[in-house]
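Grab a pencil and work through these exercises with the model open beside you. Try each task before you read its solution.

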Amino acid sequence: MSDRQPPAALLREAVAQLAPVLPVLTDLGERFAAAGHDVALVGGPVRDAFLGRTPTDLDLTTSARPEETEAVLSAWSGTTWDMGRAFGTIGARKGGTVVEVTTYRADAYDGVTRKPVVAFGDSLEDDLVRRDFACNAMALRLPDLVFVDPHGGLDDLAARVLRTPTTPEVSFGDDPLRMMRAARFVAQLGFVPAPEVLTAMREMAASIGIVSAERVREELVKLLLADHPRAGLELLVATGLAAIVLPELPALQLEVDEHHRHKDVYEHSMTVLEQAIDLEGPADGPPESVPGPDLVLRLAALLHDIGKPATRRFEEGGGVSFHHHEVVGAKLAAKRMRALRFDKETTRAVARLVELHLRFHGYGDGQWTDSAVRRYVTDAGELLPRLHRLTRADCTTRNVKKARRLSRAYDDLEVRIERLTAAEELKAVRPELDGHAIAEVLGIRPGPVLGRAYAFLLALRLDEGLLGPEVARERLLAWWAEQPESRAAD
C-alpha cells in the first residue's frame, strides 16, 4: 500500500475538472467540519477527475451517521431524501447539483443471502479498503482537497489496470457483484483486469448467484450502454460469469467442424452488436435516428440469434439449418429478461425485434407486394427505426457482392416504406371504418364479433390499401353475409 501524492501539475488538472462543482464541495466540506465530521469526495468522481472528465454526480463519504448527515444536508439544501438509511446513504439536491453522502462502511455479504450485512466504519481508510477497485479507492478530503490514495489507484489509472484494494478473493467475497463491475469498467474505461483479478473471477464466478437479479441487471445495463460493450461481454463469457447471469450468450459458441461448417454464432452476434451501435444516431438526435446509446437495440442485437442452439439441425450434404430460431429466440429473450427483472416495455420491445429480425430476408429474392410492405411496417410499429438498424447490422458476410446486394435490397425497401408512408400514413394505419361505424353498419353491439369485423377491415386495409369508406362498407357487408352470426340473425 502507498499514499503517494500525485505530481502537483496532475493534481491541479484534476481539481480543474472539478471547477464547476468546487464551490459545492467546499461549502459541504466546511459544513460537515463545523458539525464535527470528516467528509471526502470518493470513488468515481475522483477517478473521473484524473481521467479528465467532469463528474456529474457527487459521491461523498463521511464519519457522520445517517441522521447526522441528514441534518447537515437539510441545512444546506432543504431537499433531502433517504436513499437507503440502513446502508448509510442520504441524498440531497441544491439547484442542479445532486449529492449522495454515505457513512463510512465496512459491510460484506455473509456468503448466503442476497443482501449485504451492513456495518458502519470509523475511518476513511477503512472505507477505502472495502471499495471495489483501487482506482475507485481514491479520495479528496474536504474542504482542503487533500488527496488520499492508500492503494495505488492513481498508478492503476495510468496503467489502465483493475486491481482490488485487498485480495480479490476477499473483495469479491464481500460483494460478488464486483466481478460484473470489473467487466463494466472494461467496457466503459478500456481497463484490463490484473492477472490475480482474472483468476479470482474465474474461480468465484458461481458466487454471483447470491446477488439479486435487480443488481445484476443494473450492472449489465451499464455495461451494454458503455462505449465498448463487446470487451466487457467477452470478459463475462471468459470468466464463466455469463454462464450464470446470461447463459444464452456463451451457448452461442456452437462447435464448428469440417463436416458442418457454419458461421460462428457467438462471434457473429458480437459483430452484429458492434455494427448496430455504429448505426445509432447522435445522443441528441430525433427518435427516428435511434439516439445512442439505445438499450433496446443493443439487447436485440446481442440476443437476436439465441434461438439457434435449440433449433440447430444438421442437414444431408453437410448443411446446417436453424428453422424458426427467431420465434424460439424471442421467447428465450423474454424469459431471460423477465428473470433479470427488466421492465415489461423493454422486454416486449426486445422480444419483438428478435422475432422480426428475419422478416426482411427474402425481399431481394422476390419483390414484395405493397401489402407485404404494409405488414412489415405495421408489425414493427414504433420499433421500425430499430428494426431497420438491426436488420442492416445482421449482415456480417465477408462476401462483398452479397453484402452489397443485401444493402441495396434494404435501401429499396426503405424507399418503398417512405413512399407508402407518405401516401397512406402507415405508421397510424387503421381500418377505414372505426368501431362505431362497424357496429352501425352491421347492427351489432361491442363484443367479440365486432372485434373480428374490425380485424377483417384492418387486414383489408393492409392487403389492398385505401379503398374508400363506401367500398370498405360493401366489403364488410359481404364478409358479414358469410358469418354464422349474420345467418342466425336472419
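**Exercise 1: A leucine and its core**

Step 1. Skip the neighbours within four places in sequence, and Leu-413 is in contact (heavy atoms within 4.5 Å) with Phe-360, Tyr-363, Trp-368, Val-373 and Tyr-376. A quick note before going on: this is a predicted model, where local features need pLDDT of at least 70 and side-chain atom pairs count only at pLDDT 80 or more, while totals for chains, interfaces and linings use all residues. Residues are numbered from 1 along each chain as its sequence is written, and side-chain values use heavy atoms, with hydrogens and water left out.

Step 2. Now the core. A nonpolar core is a set of buried (under 20% relative accessible area, 1.4 Å probe, protein chains only) Ala, Val, Leu, Ile, Met, Phe, Trp, Tyr and Cys residues joined through side-chain atoms within 4.5 Å. The largest one here has 115 residues, and Leu-413 and Tyr-376 are among those with the most contacts inside it.

Step 3. Another core, of 13 residues, lies apart from it and includes Trp-479 and Trp-480.

**Exercise 2: Two rings**

How are the rings of Phe-360 and Tyr-410 arranged?

Step 1. Rings of Phe, Tyr and Trp (its six-membered ring) pair if their centres lie within 6.5 Å, and planes over 60 degrees apart count as edge-to-face.

Step 2. The centres of Phe-360 and Tyr-410 are 4.7 Å apart and the planes are at 70 degrees, so this pair is edge-to-face.

Step 3. Phe-360 is in the loop between helix H17 (344-356) and helix H18 (370-380), and Tyr-410 is in helix H20 (residues 400-424), so the pair links distant parts of the chain, 50 residues apart.

Step 4. Phe-360 counts as buried because its relative accessibility is 4%; for Tyr-410, also buried, the value is 1%.

**Exercise 3: A histidine**

Is His-304 buried or exposed, and which side chains does its own side chain meet in polar contacts?

Step 1. His-304 has 0% relative accessibility, so it counts as buried.

Step 2. A polar contact is a pair of N or O atoms within 3.5 Å; within protein, one must be able to donate a hydrogen and the other to accept it, and residues adjacent in sequence count only if both atoms are side-chain atoms.

Step 3. The side chain of His-304 makes one with the side chain of Asp-305 (3.2 Å) and one with the side chain of Asp-394 (3.0 Å).

Methods
Buried means under 20% relative accessible area, exposed over 50%, partly exposed in between (1.4 Å probe, protein chains only). Rings of Phe, Tyr and Trp (its six-membered ring) pair if their centres lie within 6.5 Å; planes under 30 degrees apart count as stacked, over 60 as edge-to-face and the rest as tilted. Helices (H or I, at least four residues) and strands (E, at least two) are DSSP runs, numbered from the N terminus.
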